[in-house]
Amino acid sequence: MSNKTERQVAAIKNGTVIDHIPAEKTYQVVNLLQLETLETPVTIGYNYPSNKIGRKGIIKVSDKFFTDEEISRLSVVAQNVVLNIIHDYEVVEKKTVKTPDELRGIVKCNNPKCITNNEPMNTVFHVVNKEKGILKCHYCDKEQCIEKVELV
């Protein structure tokens with residue numbers, strides 16, 4: 001018999017476990033990744049104790065592995081979450097979500113005069129300060145804080 005404490009959420013055979021989500025961002029992550037549209041089981045845990053961040057959310061998604069584009073979207077809402085890739089009940093890879101240098105088609109520019117708000121085109125933002133979360137629009141040079149952006 002194992003002396004591990006009982007798991008709070010059932011294990012999955014194959015898929016992705018998104019861990020260390022700040023508790024208040026858990027449902028934003030669900031919406032952002034459109035998990036409600038999946039046909040496979042999704043388990044959402046909320047307000048679990050965390051030594052790292054106080055209280056956390058955890059999401060287990062069976063038979064789903066996320067693309068780099070989906071992971072980039074995730075970085076806008078919750079940086080430093082951990083993706084655990086599961087194969088045959090074992091963690092085969094861990095990825096910490098970091099904000100990329102560039103965000104394409106993920107967030108809206110908050111400048112109403114920006115061409116991206118007036119023409120049918122994707123936004124492009126350069127991340128000019130990752131520590132402070134400062135984004136700069138490629139087209140109009142307007143800077144905005146990642147904490148205050150609106151998703152596309």
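Residues count from 1 along each chain as its sequence is written, and side-chain values use heavy atoms, with hydrogens and water left out. Because the model is predicted, local features need pLDDT of at least 70 and side-chain atom pairs count only at pLDDT 80 or more, while totals for chains, interfaces and linings use all residues.

**View 1. Strand β1 and its two partners.** Helices (H or I, at least four residues) and strands (E, at least two) are DSSP runs, numbered from the N terminus. Take strand β1, residues 15–22: 8 of its 8 residues are buried, so the strand is largely enclosed by the rest of the structure. Buried here means under 20% relative accessible area, exposed means over 50%, and partly exposed is in between (1.4 Å probe, protein chains only). Two strands pair if DSSP finds at least two bridges between them. β1 pairs with β3 (residues 54–62) in the antiparallel sense over 6 bridges, and I21 has G57 as its bridge partner in β3.

View 2. A salt bridge is a side-chain nitrogen of Lys or Arg within 4 Å of a carboxyl oxygen of Asp or Glu, and the structure holds 7 of them. In one, K56 joins D19, with the closest N and O atoms 2.9 Å apart. K56 lies in β3 and D19 in β1, so the pair ties together parts that are 37 residues apart in sequence. Both K56 and D19 are buried.

**View 3. Helix α2 and what covers it.** Of the 10 residues in α2 (residues 68–77), 8 are buried, so this helix is largely enclosed by the rest of the structure. What covers those buried residues includes β1, α1, β4, β5 and β6, where contact means heavy atoms within 4.5 Å. E70 and K64 meet in a salt bridge (3.3 Å, N to O), and both are buried. Another salt bridge joins E69 and R73 (3.9 Å, N to O); both lie in α2, 4 residues apart, about one turn of the helix. E69 is partly exposed at 42% relative accessible area, whereas R73 counts as buried at 17%.

**View 4. An open sheet of 4 strands.** The order is β6-β7-β8-β9, with antiparallel pairing. β6 and β9 are the edge strands, each pairing on one side only. Between β6 and β7 (residues 124–129) there are 3 bridges, and R104 stands opposite V124 in β7.
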